[in-house]
Amino acid sequence: MKKLILLLAAIAAGASIARSETVIADVFARTTTSLNGQWRVIVDPYDTGYLDYRRLPYDESGKVTGGFALDHHAKDKTELVEYNFDTSPTLNVPGDWNSQNEKLFYYEGSVWYRKKFDVNKTAPDHRLFIYFGAANYEADVYLNGKKLGTHIGGFTPFAYEITGLAKEKGNSLVVRVNNSRHVEAVPTTNTDWWNYGGLTRDMLLVETPATFISNFRTRLKPGATNTIEASVQLDGAEKTQAVKVSFPALKIAAEMTADTNGRARLEMTAPGLALWSPESPALNDVVISSGADELKDRVGFRSITTSGTDVLLNGRKVFLRGICIHEEEPLAGRRAWSAADAKELLGWAKALGCNFVRLAHYPHNEHMARLADEMGIMVWEEIPVYWTIAWTNAATLANAKKQLANVIARDQNRASVVVWSVANETPVGAARTKFLKSLVDEARELDGTRLVSAAMEVHADPADPLHKIVDDPFGEFTDLMSFNEYVGWYDGLPEKIDRIRWTVKYPKPVFISECGADAKQGFHADALTRFSEEYQADFYRRTLPMLDKIPGFTGCTPWVLCDFRSPRRLLDIQDGWNLKGVIGHNGEKKMAFDVLKNYYDEKAKADAAK
Ligand code: GCU
């Protein structure tokens, strides 16, 4: 965990910013003031508020010399100020701007957000932070006209300390959020999902004691069944404080003094510890305390390993009954962000008979993994190294590493999270494989207790198009041979599925990270009519038994739970939606839903009978 904190600090310090980002874990268990709600906004397609007419940033020197960040108001009728947050429109936060205002549906560029807030600290020596659940894609953050920092990456949390900068009354928090796409970014310019922009997740004012617990990790000691390992990181002047980790219900606790880096590692034995699994998602209340700080959380313990071509959960072979999910609330056609959204999406997955979900293709909000813990659903989390990224660009690699480190720092205590995925459908090549290998190494170093993989691709045997081969050299470094296959949709018609045979190079568990076909909910025709429910259902009826024949097949996450918005889907019947959901964007199930559900019910019965 020390490496994790240092890594985040180092990467954050890389960019020329006023302050470095801070990791604040378990934010929902802290003293916070919500900054959610209506924010004043200015849509700024020419970055007039950020760049002067010579296109130089107003905060080039770190000191803000002009622009909207100052939230300035004309002193009198003579002063020329060509913006005014007090009279500008508002947008809801959390929320993407695209679904809130028709004019912004396709908008990619800068939007300025401004929130005024007061501070009411519970103790004078306490510290204050502004916490972002996420901001897509790039965020320049200012408080009372001072630059706090620039965050890049749209799907992981970040925070800035404002102790000493915040006033008691009338603080002006200004954020320039820009979701323009760039070749060297992560993700890059081309995605099959909507580029929702904005302050898309919870915004919080966080108060902590002078020295606080910035992060902690609890887990089952590798190889053990009832030994709990805990590590705690303190942030503040009093680094060598006593740290205590206790599990009241288990009647166990451990205490030690943190080292000079504010780190403490503790171990304790929990006789008869109930392990977490989808069938019994056992969670334990944990209390982490040090000095004036105390955190409470609910954590589960389990092991996830592989053996040959099997995936073992707590040492037992398990079949992964999964589905892919985008972080979108389909009925409203917006970015999902709340616990209620998570409940809706995971509720549908549960109704499908799933014990596993792939959160595609970027880290979803924290509510998803927390609810998956409670509901007993295993989770695959992924960073948006999607399709063709700038493999030889060092900043792109650093960005990808940071997103990986951020999601691990946020979700490392979630028993439900069992796979870190570092990429999706990336083209085989030396630079790419080197890039991905370094992400795998990073994930293993930051957290050696989960599986690491990626969604790889398939190619056909040049001599026999019915012979599919999975021999991506990157497979050497992953724990799963996980790949996407679309025989019967992008490759031929469903009848081809029955005649396919597979060769998978590496003797590892085979996992189908995507397979699927489009269907417009409610459109019925014969099974050869594309976009009909019958075509999609036939696709599934043929695909599932075909997958069962692949040696080492251990599970799948078909593409996709619900239809989702995509700027690449322009056919009339698609109307800007990817229609591969087994549930329509009206929330209605398609015929394929029951085909998949029946298959999973059989698998669940077979697993339970073992
Ligand atoms: C790809 C990709 C998805 C995409 C899907 C599709 O495999 O990973 O992001 O939406 O195929 O084409 O529907």
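Visitor: What distance separates a polar side-chain atom of Lys 580 from an oxygen atom of the ligand?

Guide: In this predicted model, a polar side-chain atom of Lys 580 lies 2.7 Å from an oxygen atom of the ligand, and a pair of N or O atoms within 3.5 Å is what a polar contact requires. Tyr 386 also places a polar side-chain atom 2.6 Å from a ligand oxygen atom, while for an N or O atom in the side chain of Asn 578 the distance to an oxygen atom of the ligand is 2.8 Å. Taken alone the ligand exposes 320 Å², of which the protein buries 97%.

Visitor: Why is the pair of Phe 132 and Phe 158 called stacked?

Guide: Planes under 30 degrees apart count as stacked, provided the ring centres lie within 6.5 Å; the rings of Phe 132 and Phe 158 have centres 4.4 Å apart and planes at 10°, so the pair is stacked. Phe 132 belongs to strand β5 and Phe 158 to strand β8, 26 residues apart.

Visitor: What makes Phe 158 count as buried?

Guide: Buried means under 20% relative accessible area, and Phe 158, with a relative accessible area of 2%, is therefore buried. Phe 132 counts as buried because its relative accessibility is 0%.

Visitor: How do you know that the charged end of Lys 437 sits over the ring of Phe 477?

Guide: The distance limit is 6 Å from the ring centre, together with a limit of 35 degrees from the ring normal; the charged end of Lys 437 is placed over the ring of Phe 477, 5.3 Å from its centre.

Conventions:
Residues numbered from 1 in each chain as written. Predicted model: local features only at pLDDT ≥ 70, side-chain atom pairs only at ≥ 80, totals over all residues. Heavy atoms only, no water. Polar contact = N/O pair within 3.5 Å; in protein donor to acceptor, adjacent residues only side chain to side chain. Areas by Shrake-Rupley, 256 points an atom, 1.4 Å probe, with all protein chains shown as cover. Phe/Tyr/Trp six-rings, centres within 6.5 Å; stacked < 30°, edge-to-face > 60°. Helix = DSSP H or I, 4+ residues; strand = E, 2+ residues; numbered from the N terminus. Buried < 20%, exposed > 50% of the residue type's maximum accessible area, 1.4 Å probe, protein only.
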